[in-house]
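My notes follow in the order in which I checked them.

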Amino acid sequence: MTITITDTNQSVSNPTEDQRVVDKEYILHVENLNIYYGENWAVHNVQMEIEKNAVTALIGPSGCGKSTFLRSINRMNDIIPNARAEGEILYDGINILRDDIDVVALRKEIGMVFQKPNPFPKSIYENLTHALKFAGIRNKGKLDQIVEESLRKAALWDEVKDRLHQSALALSGGQQQRLCIARTIALKPSVLLLDEPSSALDPISNAKIEELILQLKKDYSIIIVTHNMHQASRVSDKTAFFLNGDLVEYDRTSKIFTKPSEKKTEQYISGQFG
Amino acid sequence: MRNTTELSSHRLLKSNKNRKDSELKGNIIVKSSAIIIITLTIALTVFLSIKGLQSFIKNGINPWDFITGTNWNPTSETPSFGSFNFIFGSFAVTMLSALIAAPLGIGGAIFMTQIAPKWGNKLLRPVIELLVGIPSVVYGFIGLSVLVPFIRNHVGGLGFSLLSGTIVLAIMILPTVTSISTDALNALPKNLREGAYALGATRWQTIKKVLIPAALPSLLTAIVLGMARAFGEALAVQMVIGNVSDFPNSITDTAATLTTIITLNIGHTTYGSIENNTLWSLGLILLVMSFIFILIIRFLSSRRKI
């Protein structure tokens, strides 16, 4: 898409922005989402649209509902007894919160990476092929090809290509996390959910993960929960600020971090609470 | 000026005054307990070894014949001491009972931890832990009054049989296998399960491909511990197995194990006699076997850290 800015448009405050909002494609539409843990109302009436092939960051203090929100997108909350979600999350024309959704199929399209790297106690190769076998791919040549492709995409191939059959637990924390990302993208999902993917890692591994996120954006729509403001501002296109279960503000990252509309957002970003 | 080298008393220096009495007491209690346990273990091993080797050294029985011989007839004119049938009996009931208890126990553990954790932990777990505490004589008595007649009427033979011993032992070790397997599965990091689910694994795929392989060393340990218990059990087996020294030709045939022969005969043999000495030798075989079981468990649990 090309946008021509002409002098005649100057009367509109910011024509490029307005244009963009109209033309952006959205992958997820969240409508009136409420999530409860038993009596506890964890997420309040959230309404937001997630852009396709962009990085959306969810920020906010601990317990604000951002992880709960993230986990509801691939129905990971189903594992938690007495968690329940109301409202709609539209994905490819269907409300994925419906009871008759095949969550197993859904999770193949909406993948998730967790805060603590959780490779299976198996070889690097098997960590990837396990995921593929869950999806029913068994052809050896095909498996090898996807393993290499996914490890390359996760910027891990060069580091592990000589020891694919060694234990994944021998990798460093940062490598393990990239392996978990590789394992997830091996299934070719359309949405990647990252739950504080680098908070347990050292700064160098963190930088690698961030670089990776920026690269993956081309092929995937990414939603990342982070406690790290700098990370949010570096990697994301849009940022949502959650507080006590409410979506306080959701806007372009540059705007959130320079001139947020809400006082609460400004206070949080400048470190006055949280 | 620095003049601090030769201070003989200072609040930061170690002194007997600073060491509290309770500290000393605790130290003594803990250390003496450790010494007593170590001494007991060593003394027991040495004593059993000396007694168990008597029949070979003093009475001149060939150890090879003793282990491989199939004729046990200590009271005849020309006594023979072949204990192979008992060794076989012990291994047979142990293996067969493990074969029954392992799938049931691990299956039960999976049910309790993965499928119905709520009432599994609340109801099933305490029940199973209770079963561990039931004395073996009770198991034996139930086997004798229910199982033996049942097998006699519906399967065949006398009822007293290898099969009865196996079933009684399987029921006895089932709680052990189940509760250790449950602990093993509960000890798995929670994020392993989440990771599998997030990759679109079904519940059964998660259990089969991720959780069981991850817990395998501990699950094997659970089975081996159950086997060790089955191998050493005497009373319950003795009540249902028939205690005949002949080689069992079928699973419904009567048999005997190392433990049942010892408990049956140790009371009426003269101390120091050749027959008495051979019973000690059987005991030594049991001890060696339990060492082997412990070594297997050690080996399996050390693999867990990889």
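**Entry 1: a strand in chain A**

I started with strand S3 (residues 55-59) of chain A, where 5 of the 5 residues are buried, so the strand is largely enclosed by the rest of the structure. I keep in mind that this is a predicted model.

I then went through S3(A) face by face. On one side I found A:Val55, A:Ala57 and A:Ile59, and on the other A:Thr56 and A:Leu58; these are all buried, and both faces of the strand are covered.

**Entry 2: strand partners**

Which strands pair with S3(A)? I noted strand S8 (residues 221-225) of chain A, which runs parallel to S3(A) and is joined to it by 4 bridges. In that pairing, A:Ile224 of S8(A) is the residue opposite A:Ala57.

I also noted strand S9 (residues 238-243) of chain A, paired with S3(A) in the parallel sense over 4 bridges. Here I found A:Leu58 opposite A:Ala240 of S9(A).

**Entry 3: the contact between chains A and B**

I next looked up how many residues each chain puts into the contact. Chain A provides 23 residues and chain B provides 17 residues.

Last, I sorted the residues of chain B on the side that touches chain A by type: 10 are nonpolar, 5 polar and 2 charged.

Methods. Residues are numbered from 1 along each chain as its sequence is written. Chains are lettered from A and ligands numbered from 1 in the order in which they are written. This is a predicted model: local features need pLDDT of at least 70, side-chain atom pairs count only at pLDDT 80 or more; totals for chains, interfaces and linings use all residues. Two residues are in contact if their C-beta atoms, placed from the backbone, lie within 7 Å. Ala, Val, Leu, Ile, Met, Phe, Trp, Tyr, Cys and Pro count as nonpolar, Asp, Glu, Lys and Arg as charged, and the others, Gly among them, as polar. A residue is buried if 20 or more other C-beta atoms lie within 10 Å of its own, exposed if 12 or fewer, and partly exposed in between; C-beta atoms are placed from the backbone. Helices (H or I, at least four residues) and strands (E, at least two) are DSSP runs, numbered from the N terminus. Two strands pair if DSSP finds at least two bridges between them.
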